[in-house]
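Student: I would like to go through the labels used for this model and check each one against its cut-off.

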Amino acid sequence: SNYTTMFWFGHYSQIKLNKYLSINTDIQFRTREGIKHPSQALVRTGLQYKRNEKFSFTGGMAHFRFFINDYKTRGEWRPWQEFAIMDQHNKLQLVHRFRVEERFNQQTKGNLVLDTYNFSFRFRYKMDMQYLLRSSNKESLKVTLGNEVMLNAGRTIKYNYFDQNRISIGLLVDYLPNFIVQPQYMFISQQ
């Protein structure tokens, strides 16, 4: 077993086009061994159709850069689709998210980055809970708890059908108009 500490920094945005459609984008940078080394950088965007407060469908594209060392990266192109169900029970909100990713991973040979790609699928199920601790007209504070399971599939997948499990706990602080801060701790078990 190997253990490492990572920091994930992300900016998430939503541009509402009308009552039903929005463009959701996130940009992230992730480190490993604390903040000693870069691990990943990514841009992900999608068009979301939200029929009502309970159901949403989103489809989009992501591009990842995985750091082989501190300077050299390999790429991954990732089209994705998801379906989400949201339930509100007084102060408790539950979100179930089902996502499928088509992953085009750039191959490497040692530190050499090749011009070829492996293709596989990844299936993700995430359950998030948010509980409202405090609320006023201008601000709110919620505690969050989540779990996400990821499974691999495809011809190139031989032994690692289980990809990873992510357990998270955090706070969601909404204190400025259109601006939310979410510090979070996540424990990842990965094959």
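Student: What percentage of the 191 residues in the chain is buried?

Tutor: This is a predicted model. In the chain, 29% of the 191 residues are buried. A residue counts as buried when its relative accessible area is under 20%.

Student: Why is Tyr 20 called partly exposed?

Tutor: The relative accessibility of Tyr 20 is 29%. Partly exposed covers what lies between buried, under 20%, and exposed, over 50%. Tyr 20 therefore counts as partly exposed. Tyr 49, with a relative accessible area of 33%, is partly exposed as well.

Student: How many aromatic pairs does the structure hold?

Tutor: There are 12 aromatic pairs in the structure. One of them is formed by Tyr 20 and Tyr 49, with ring centres 6.0 Å apart and planes at 35 degrees.

Student: What makes the pair of Tyr 20 and Tyr 49 tilted?

Tutor: Ring centres must lie within 6.5 Å to pair, and planes under 30 degrees apart are stacked, over 60 edge-to-face, the rest tilted. At 6.0 Å the two rings pair, and at 35 degrees they are neither stacked nor edge-to-face, so the pair is tilted.

Student: Which parts of the chain does the pair of Tyr 20 and Tyr 49 tie together?

Tutor: Tyr 20 sits in the loop between β1 (8-16) and β2 (21-32), while Tyr 49 belongs to strand β3 (residues 37-50), so the pair joins parts 29 residues apart in sequence.

Student: Why is the pair of Phe 64 and Phe 66 called stacked?

Tutor: The ring centres of Phe 64 and Phe 66 are 5.7 Å apart, and the planes meet at 10 degrees. That angle falls under the 30 degrees cut-off, so the pair is stacked. Both Phe 64 and Phe 66 are buried.

Student: Which residues do ring pairs link into a cluster?

Tutor: The cluster consists of Phe 55, Phe 57, Phe 83, Phe 98 and Tyr 125, linked by ring pairs.

Student: How do you know that the radius of gyration agrees with a compact globule?

Tutor: For 191 residues, a compact globule would have a radius of gyration near 16 Å, and the chain has 18 Å, which agrees. Along the principal axes, the C-alpha atoms fill a box of roughly 55 × 35 × 30 Å.

Student: How many helices and strands are in the chain?

Tutor: The chain has zero helices and 11 strands.

Student: How far apart are the centres of the positive and negative side chains?

Tutor: The centres of the 27 positive and 15 negative side chains lie 1 Å apart.

Methods. Residues are numbered from 1 along each chain as its sequence is written. This is a predicted model: local features need pLDDT of at least 70, side-chain atom pairs count only at pLDDT 80 or more; totals for chains, interfaces and linings use all residues. Side-chain values use heavy atoms; hydrogens and water are left out. Helices (H or I, at least four residues) and strands (E, at least two) are DSSP runs, numbered from the N terminus. The radius of gyration is taken over C-alpha atoms; the globule rule is 2.2 Å times the number of residues to the power 0.38. Buried means under 20% relative accessible area, exposed over 50%, partly exposed in between (1.4 Å probe, protein chains only). Lys and Arg count as positive and Asp and Glu as negative; His and the chain ends are not counted. The place of a charge is taken as NZ of Lys, CZ of Arg, CG of Asp or CD of Glu.
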